[in-house]
Amino acid sequence: MLWVVASIIYAVTAFGLLKIALLFTGTLQLRHAVSKLPCPSGAHSLAGHQPQGPFDPGFQCLRDTVAAFPRVYTLWNGPIPMPTLVHPDTIKPLLTSRTGSVKSPLYQFFGDWLGDGLAISDGAKWKRHRRLLNGSFYFDVLRTYVPVYNECVDVLLSKMDRLAAEGKPMKVEHELGLCTFDIILRTACSRESNCQLKGQARDGDMDLLSATITMTDIVQSRMTGNPLFLNPLVFRLFSPNYPKWQKAARYAKMFGDGLIAERKDDLEKREQSGDPLTSPRDFLDTLLLARDKDGSGLTEREIADEVNTFLFGGHDTTSSTLTWVLYMMAKHPEHQARVREEIDKLLVDRDCDQLSSKDLGSLEYTTLVIKEVLRVYSTVVMPSRTLTAPYDVDGVTLPAGTTVAINLYQLHHNPTVWGEDHMEFNPSRFLPENMASLDPFAYLPFSAGPRNCIGQQFALNQLRVLTARILRRFCLSLVEGEPEPVPYLTVVVRPVREILLNLEPRHF
């Protein structure tokens, strides 16, 4: 009997030592590989480049780094090396191959919140979910959402009318956040929340919008703050942010589960009454009705993960982008005037300002403005991948298992790609004749390749409708004495301080 126990102990010990040896060998291989890549000076052996503030508000460090290393460089995230791709030539092979199809472990920071939805899952599960959800983003489905955009922006415009009448500036991020949140709840789940009229939760209270803001702040602090909190156990045991994270994640899950339970009850009642739903009315219906060829559908947990993923992804990035769009229109009145001229011409003979899906193709200059804002501010900055096979970048072979970052802000401000005037706001960059000479992978606001953003057309349609309708009704201007807004990273790019804009109603 003793020899059996001894054999088991020996086998377990040997297996543990083997894993440690393999981990040590892999670490040495990775360090040897990244040592051949360019690297900004001053990396600390434990803290890496974090004391230098690579993601400090304003992103000056990011611009300086891409100017010095315009193709690839190694960013040390604490003691962990992260090769960072910043040029189309180094990014394209990764995003278009299976080697770059797996999301990095950093995405697991969202795990308690988004579960294993499209944003995080990999392999066969991701392929299945993507296939089942594609129907929610077909053109015929997306056009049915445009009336909802109009109804939600009508509420926003009424609030802006009251602010203008009182001579008060608009808190841009606050109001747009409520509006885009209203839109995503109505289009994804047909939920009439009246959140634009109720406003955000007060301090100490909780709603889905405040929970989302809390969690994105905490995720970003883990990615770029104390490297010890990269470890899930250390974060849970020692981070002062963990109780706030736990409360917000619990609320978000409870909210999503409640939506699903209500809808399942509705579908069951329709089935019992002899009037079953045969085609989805919204994203939530798509999830509940989705079936494989063998008739199997998504589990309750899978549905909940996708609902939470879409509520987050469909709101936060759009709200942030639109905030910067309106600010840039106020800062550059010449471009604001051109957008206004375009929408006025489109609506010249109409009694109503609401837009149809057919109108969106006519908003050509508005679209150029939105694209340039997405370049200048790069709402999503740094997606990352785990290599599934060795990957060659500029003659250096990175081993499988390496976490590789793609810094979209640096790509969009790479002077070797966009020129030395990359900080200038110039929508004409995106005219077809100017884009013809650029690599398609020079501009990636929604990523690219098989894992590009499934909701990009949904977001662009929403941005066009809101931008055009707001500028149709109001002239925007900067508030005198307000400082220049400084962008900072909280998963998406937000201003450090709330942006205030003056509103001048237009009279027809």
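**A helix, a sheet and a pocket**

Begin by selecting helix α8, residues 172-189, in this predicted model: at 1.5 Å a residue, its 18 residues should span 26 Å, and the end C-alpha atoms lie 25 Å apart, which agrees. Step just past the end of α8 to serine 190, where the backbone takes a positive phi of about 55°.

Next, select the open sheet, in which 5 strands run in the order β1-β2-β8-β5-β3 with mixed pairing. At its edges stand β1 (72-77) and β3 (102-103), each of which has a single partner strand, so one side of each is left without a neighbour in the sheet. Zoom in on β1 and β2, which pair in the antiparallel sense over 6 bridges, and pick out leucine 75, whose bridge partner in β2 is methionine 82.

Finally, turn to the largest pocket, which holds about 720 Å³ of space. Of the 32 residues that line this pocket, select Ile80, Pro105, Leu106, Leu230 and Thr403, the closest to its centre. Then colour α1 (2-34), β2 (80-85), α4 (111-114) and α11 (232-238), each of which supplies at least two lining residues; the largest share, 6 residues, comes from α1.

Conventions: Residues numbered from 1 in each chain as written. Predicted model: local features only at pLDDT ≥ 70, side-chain atom pairs only at ≥ 80, totals over all residues. Heavy atoms only, no water. 1 Å grid on protein atoms, 1.4 Å probe; cavity = no way out; pocket = protein on both sides within 12 Å on 5 of 7 lines; lining within 4 Å. Points joined across faces, edges and corners; volume = space filled by probe spheres on them. Helix = DSSP H or I, 4+ residues; strand = E, 2+ residues; numbered from the N terminus. Expected span 1.5 Å × (residues − 1). Pairing = 2+ DSSP bridges.
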